[in-house]
Amino acid sequence: MVVITLAADEPLVEVNFLLHILDVLDRHSTSDQFRASYHCRGPGQVHTLRQHTEHINTDTGLPAAARATTSMVKPRDDPTLQHALSLFQDAFGSEPDIAAFAPGRVNLIGEHTDYNEGFVFPLALDLRTFVVGRGSLLVRPPNQKVPLTQCRVTSESHQGIVSFVADKGLAPGEPKWVNYVKGVVAEYLKDVPQGKYLVFEAAIASSVPLGSGLSSSASLEVSVATFLEQVLGTTPGKVQKALRCQSAEHKFAHVPCGIMDQFVSAMGRTGKVLLLDCQSQQETLVPLADPDLVILVTNSKVKHSLGSSEYPVRVTQCKAAVEGLRKKYPEIKSLRGASMEQLDSIRNDLPELVYKRARHVVTEDIRTLRCVKALKNKDYQAAGQAMVESHESLRDDYEVSCDELDFLVAEAMKVPGVLGSRMTGGGFGGCTVTLVRKQAAGLAAMNIKAAYRARFGVEAETFVTTPSTGASVVDLKKDEEGGRGGGRKGGRAGKVRYAMAGVAVLGVVVAIAMGLARRKV
């Protein structure tokens, strides 16, 4: 038996580092003679590893699986920022002077309620999209044509530079990922002064996994918006920023999304979960600061694309339910305004599928408010129960879950210390979110991954998180002056050094563990 102990007050960076070690040990075990255990045993039990954890977890030199477990890294120290800076320099041959970011999100509860004007309860992650670049407003020549190459963008996930003109003729096109950028640019053209035109060069890098249900699209949109606000010198406010980004996704990506994703990406707060009333667009910040409570996110690696999935179908079905309700209750404007008594009174007038979709939305609003109240009262068992009921409704009534997500939730609930678990995001793949006692997070992650690997032959990714900050700007001048984050001077050497150190530590731990296993310790 190999025991890795952890103090209850250890930072989440160290928790996630140990989760990764446990996963490595588990995957390298070839017999029942070896098992890794994770628990708390009072303060100061893992100090021999502490000197390595900061660099190992925040270094882009490590494999993707290791990077995916990184959590609670400050924006300035985020390796994704360093990657974006290098990407810009390689693509454009100069240094950027603006760096903006926006986070992905995980929704604790309140799924498919935002476009029904209901309640949602998301939190911002410290998985972020960074946009770095340079830009300006130029005077439009009175008798000369404006250059056709005004905006140039490159991304870590796509080769080459994409160019387009920022004017009223801006329209969706290829490649499709640039449509999210174009859409936001189109929303900000109203801030370009008359007689001037917008030019910029930008590089984009992100740690938000695509198609995971963690809002990679909203993270991209809000980060681009934050970058443009620096170029244009405009401050429309966070709510308006979110609304502009939602409009961009509607018009340029053709996804009829609600307001939740863009809202929490713009307005997230460290240590706070955001209760958003999607009807009034009023938010309430709810603390989630209990040091013994964390959120475990598990990526099923089943990817989805909302634009080509059942998402638009669900939106249409909800509208059909509202139309049915209004025949008897004309005051109802959305499913947010309906009660279960009202919905049941017209059940025979609705197609069964439409009724089930509406039942999920109406009861999900009730569950969301119940979960919020429970968290405020520190009744974590009740909060977790609301999450489990939410998943069951998404599975049975809304029918947006899948075998992989159902399996992950079921496995999580088998672990003592897990309070609740559910799918999160649009559905048909993506992630689950699990409310868990901190001391049980390692065991939960290891058991879930091992069971998922055995059942589906896929390596799920897990990370522990707590609420992080929303969109903002990083001051690059501090890096140039040798501030934290390593700057752009010598950054690559540091990355290589820390990556080698990380690999060495992991190798030593695995070797020791396997040796102990062979000796039946």
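Which helix is H250 found in? H250 is in helix 7, residues 238–253. Before going on: this is a predicted model, where local features need pLDDT of at least 70, side-chain atom pairs count only at pLDDT 80 or more, and totals for chains, interfaces and linings use all residues. Residues are numbered from 1 along each chain as its sequence is written, and side-chain values use heavy atoms, with hydrogens and water left out.

Helices (H or I, at least four residues) and strands (E, at least two) are DSSP runs, numbered from the N terminus. H250 counts as partly exposed because its relative accessibility is 33%; buried means under 20% relative accessible area, exposed over 50%, and partly exposed in between, with a 1.4 Å probe and protein chains only. Leaving aside neighbours within four places in sequence, H250 is in contact with V255, P256 and C257, where contact means heavy atoms within 4.5 Å.

Four strands form an open sheet in the order 11-12-10-13, with antiparallel pairing. Two strands pair if DSSP finds at least two bridges between them. The edge strands, each pairing on one side only, are strand 11 (418–424) and strand 13 (461–465). Strand 11 and strand 12, residues 431–437, are joined by six bridges, and T424 stands opposite C431 in strand 12. Helix 14, residues 441–456, lies across strands 10, 11, 12 and 13, and runs at about 15° to strand 10. For that angle, axes are lines fitted to C-alpha atoms, for helices over the stretch in contact, and angles run from 0 to 180 degrees between N-to-C directions.

Rings of Phe, Tyr and Trp (its six-membered ring) pair if their centres lie within 6.5 Å; planes under 30 degrees apart count as stacked, over 60 as edge-to-face and the rest as tilted. The structure holds eight such pairs. In one of them, F407 and Y452 have ring centres 6.4 Å apart and planes at 45°, so the pair is tilted. F407 is in helix 13 (residues 403–412) and Y452 in helix 14, 45 residues apart. Both F407 and Y452 are buried. The rings of F407 and F456 have centres 5.5 Å apart and planes at 90°, so that pair is edge-to-face.

F456 counts as partly exposed because its relative accessibility is 23%. The charged end of R455 sits over the F456 ring, 4.5 Å from its centre; the criterion is NZ of Lys or CZ of Arg within 6 Å of the ring centre and within 35 degrees of the ring normal.
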